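Hello,

Here is the structure for you to look at. My notes follow below it.

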Amino acid sequence: MIGHLIDSVRQRVAFADALVTADETITVSLGHSGEEVAQSVTRQTHLRVEDEGRIGSSTRADGQAEGLIESAILSARHGSEGRLLAPAPSPTPETFTAVPATAALGVRELLGIARQLNDRLIRSERTVDVWAERSIGRVDVANTHGVMTGYDATVAGLGVHLRFRAGDSTGDLRLHAAANSVPDEPMLAELVGEVEQRLSPPLLDRDPPAGPVNVWLSPRAVAAVLVPVCQALIGRNIWVSDGRSPFHAGEPLLSSRLTLHDDALAPARPGSRPVDDEGVVCRRQTLIRDGVLLGALADLATAARLGIPPTGHGRRAAGAPAWTGWSNLVLDAGDAAEPELARATGDGVLIRDLPHPVGRCDDGQVVLATSWAYQVSGGEITGRYERAVLKGNVFEWLNRVVAVGANAGWVGARCLPDLVVEGVEFP
Amino acid sequence: VRSELAAAAAASPASFTDIRFERRRGVVILRQRNRLESVAERVSDQGLVRCLSPGFAWGSCGFTQVNDLPGAVRLAHESSLALPRRRPLALQPLPAREAEVLCPAEAAPSAVPLARKLELTELVAEALLAADRRIVDARVQYTDEMAETVLVTSEGVALVEQRPEFTLSLLCAAEESGTVERVVDSIAARTWAEVEAWAANLKATAERAVLMLYATPVRAGRYPVVLGNRAAGLLVHRAVGHLCQADGDRDHPAPLPLGTRLGPESLTVEDDPTVIGMRGTRSFDHEGLQPRKTTLVQNGVVVGHLHTRSSAAAAGAAPTGSAFGGGGDVPRARLSNTYLTAGKAAPSDLMDGIESGVLIEDVVSASLDQHRVGMRAGFARMIRQSQPAEPVKGVTLADSILALLGQIDLVAGDFQWDGTASWCDRLGAGRAPVSTGAPHVRLIDVAVGEPA
C-alpha cells in the first residue's frame, strides 16, 4: 500500500514521505472495579509533501490514497515554508523489536497472566485492579528518494492499581511494567515484590523533614526527575526559544557522575526501532557524557532549521506535524551498591516513585508530589511518610548527585539507576 | 456507513451488539509569532463494537476501517465470551428509533476557505505581539473539524449526528529582565463567527501575561478565597462531577453515596447535555439514549448520579443519557456541561469585609486524587480592603473535597458559561469535550500555597 501511495504522489510534488502504521491490541482488565476484555484493530496513513518550498501533510485511516494526496498537496499550497533534509536509502541496523511468542498471546493467555497477578496481590484490607495487554504492530516508512523500509513490533504490559486501608489511613498505588517479550514469572515476581516493598515499612505520623536533606531516588522516581532534561534535549525547543535556551553543547549541564544516551537499538524494549517515522536510520546516541551536553535530538525539520544532521528521532501521528521524540532513554549505572546508596542518604528520604512533574519544565522549576516517601535513618529504611512534596530545580538537583546506583533497571522505555541527591527541600 | 453498521450489528452472534463509528475531518494550523509552522489536513476514523451475551461481561473491539467491521464484530463477540459473570449484566430498555441530526453545509468548517483560517492565525499572533513591547512570543493553534457519529444497536437503534467545531488556542509569553511569564487561553465554538469575535478581543490575555511579570509569590497561609467563574466551574467539575459518575473505574471505584452532604445549602450542581451550543452538548449519548439534565447536588446534598444503561439498571435508577466514549474507547458515564447554579449574593458582596484574601480569576489545572482536590491558579490577585489588588503567583489550593466545599459561604448571582476548549479524561473511556459554568464563589478560610 505504501509503495502505491509513494508511486502515485512521486510525479506531483518535489518530495513526499509516508508512514503507515497498523496495530492490534488486546487488553484484559480484572478486579474490584469490573472485568472487561477489549481489543482494537487500527490503521493510520500519514503523508507529507514538500512542493515549491512549502510543506503540508495529511492523515487518513481509510487508506484512500487519492484523497490523502489531494489534501496533503492542498495543505502544502498554503503550508509553512521550509525544506526537509530527506534521507536516502541506507541499510537498517539489526534490531530486536518483535517477539513471536508475544504476538501469539491471546485473550486466554492474557487472562491467565492477569489472574495470577491479581491472586498474588489480593488481601483482605486491599482492593486490587490489574490489567494485562499486548500489542502487535507494523510500521512502514517510504519516501520519493527511495527509502522503503519497515519493521514489526510487539509490546506486552502489566499494570496494577491497588487501594489499601491501614487503620485510619487509606492509600493507593499504581505500578506498571512493559517489554516486548511475554510477561514471565520474573516480571510478575518483580512487580509483586515492588508492591510489597512499598507497603511494608510502618506508616509514620509526621511529615518528611523540610530539608534540605539527602534524597535517594529509585529508578521510577528518577524517570520523573529527568522529564525536564529530556525536554531540554529536544532540538526543536532550542530553535523555538530563539537563542534564549540556556543549554549549550560542550558545556556542563548535569553532575559529572551522569552520562545519558538515547538507544533505539536496545533489544526488545518498547522504544526500540531500526528506523524512525521519517525514514532516518536509528542508532545509539550519547547526549550527555560525564555531565557535559553533547547534542540534541532532531527530526528532519529541526535538522534543517538548526543545520545539523537528523538523529533518527522523528515521530508522526494523526493530525499533527512531525515532532521529535525519545526512543529508549538510558542513564549509565554508577558504582554504588544498595548499602552505599543508603549510607550516602544518611538521615534522609527515599522516594520510590513520582508522577509527571508539574511546573515549568523548560527551566526545570518543578513541584513533584508523591503519595509516599520513606524515612531513612542512619542508612536504614525506618518508616513511611504519607504524602511528600518535592519543590525545586531539577537541573540543580542533578548537579548535586552524590551517588549513582550500580544496577540500572528498565522502567518501560527507560533504563535508569538509583540516584542520591543532596540538599533537596520538602516545603 | 450507517447501513454497513446496521448489517454488521444484525449479523452479530451476540445477544446484544452496538456499533459506533466516528469520522472527523478537519484542519490543524500552527503558527509561532510571524511564522507559519504547519498546516495539516486530517481525516480520522474510529469505531467501536461492543457485544454482550447472557452470563458474561462486556467485550469490545475498536477499529479504524469499516472494511474491518466483520472481523471487529467477531473479536468483540469472542472477547465478550471470555469472562463469565455470576451476576448477569442488565441493560435499561431502549426502544428502536432512527434519527439524523445534520449540519447545514454552510455551517461546516469546510465552508470557510483555508486562506481565511490562515489569515485569522496571523492576525491573532500579530495582535498579541503588538499589544505590549514585553510580549515576546505568541503561539497560535487553530483546529476545526466536522465530526460525524453513527450509532447502531442490534435492538434497531440507528442514529447519526454531525457536529462542527472550531477551536483557537493560544500561548502568549511576556519577558522582562530575564523573567518570562506565559498565559494560555482558548475558545471552542460551534460557529466560525464566534471564534472570529473572540479573536478580535485578546488584549486582556496579553495584559495578563505582562501583569504576571510583576506578580510576587503568594505568602502561604489561610485566606478567604474568591473563585472567578472559570475557577469555580472547574472546581465543581472535578470535585463534584467526577465523584457522581455511577459506573466505577480504577480511579474512582464508587460514586459518592446519594444523601452525602458535600457543602452548604447554596451548593447546587447540575449536568446538562442539552444546553444549546455548548461543547458538552449531545443529540444522543453513545448508547443511543436521549440525554437529559441531571441534578447531582441539591442544596449541598448528593441527589443524583450519571448513568450508563447497565449502571442505571443495576442501581434501579432512571437512565440519564450520559454514556460517552472518546474515539474508539468504550462508553462510560461522563460529564457534559457541568455547572454550579447561580446564588443570590451580589458579586460585590463576595469581597466585602475581606482585609486580606485571594481572588483566583483563572486556573491552569485541577486534579482529583481519591477525595483530595488540587488546583493551580493561572492568574490570581490579592484582595486588600475588599478590593482586587496586586497580582500574585504560586497560588495553589489543595485539600479534601469536603473540607474545601464546606468553606463555601457565598455564591453570587453572576452565572457564566466558560467557552474554553476543555477536555475531560476518564480512564479507559478517552477524552470527552466538556463545558463548565459557575458564578463567583467565596470560600471563607482556605489554605493557599500548599502544592496542589
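Which residue of E3(B) does Val37(A) stand opposite? The residue is Gly59(B).

Some ground rules. This is a predicted model, where local features need pLDDT of at least 70, side-chain atom pairs count only at pLDDT 80 or more, and totals for chains, interfaces and linings use all residues. Residues are numbered from 1 along each chain as its sequence is written, chains are lettered from A and ligands numbered from 1 in the order written, and side-chain values use heavy atoms, leaving out hydrogens and water.

**The strand link.** E2(A) and strand E3 (residues 59–63) of chain B run parallel, joined by five bridges. Strands here are DSSP runs of at least two residues, numbered from the N terminus. They pair if DSSP finds at least two bridges between them.

**The interface.** Chain A puts 56 residues into the contact and chain B 54 residues (contact: heavy atoms within 4.5 Å). About 4600 Å² is buried between the chains, and carbon and sulfur atoms give 46% of this. Buried area is the accessible area (1.4 Å probe) lost by two parts on being put together, summed over both.

Four salt bridges are counted between chain A and chain B (Lys or Arg side-chain nitrogen within 4 Å of an Asp or Glu carboxyl oxygen). One of them joins Arg332(B) to Glu36(A), at 3.2 Å from N to O.

**A sheet in chain B.** Six strands form an open sheet with mixed pairing, in the order E12-E11-E10-E15-E22-E21. E12 (301–302) and E21 (416–426) each have a single partner strand, so one side of each has no neighbour in the sheet.

Best wishes

How values were computed: Helices (H or I, at least four residues) and strands (E, at least two) are DSSP runs, numbered from the N terminus.
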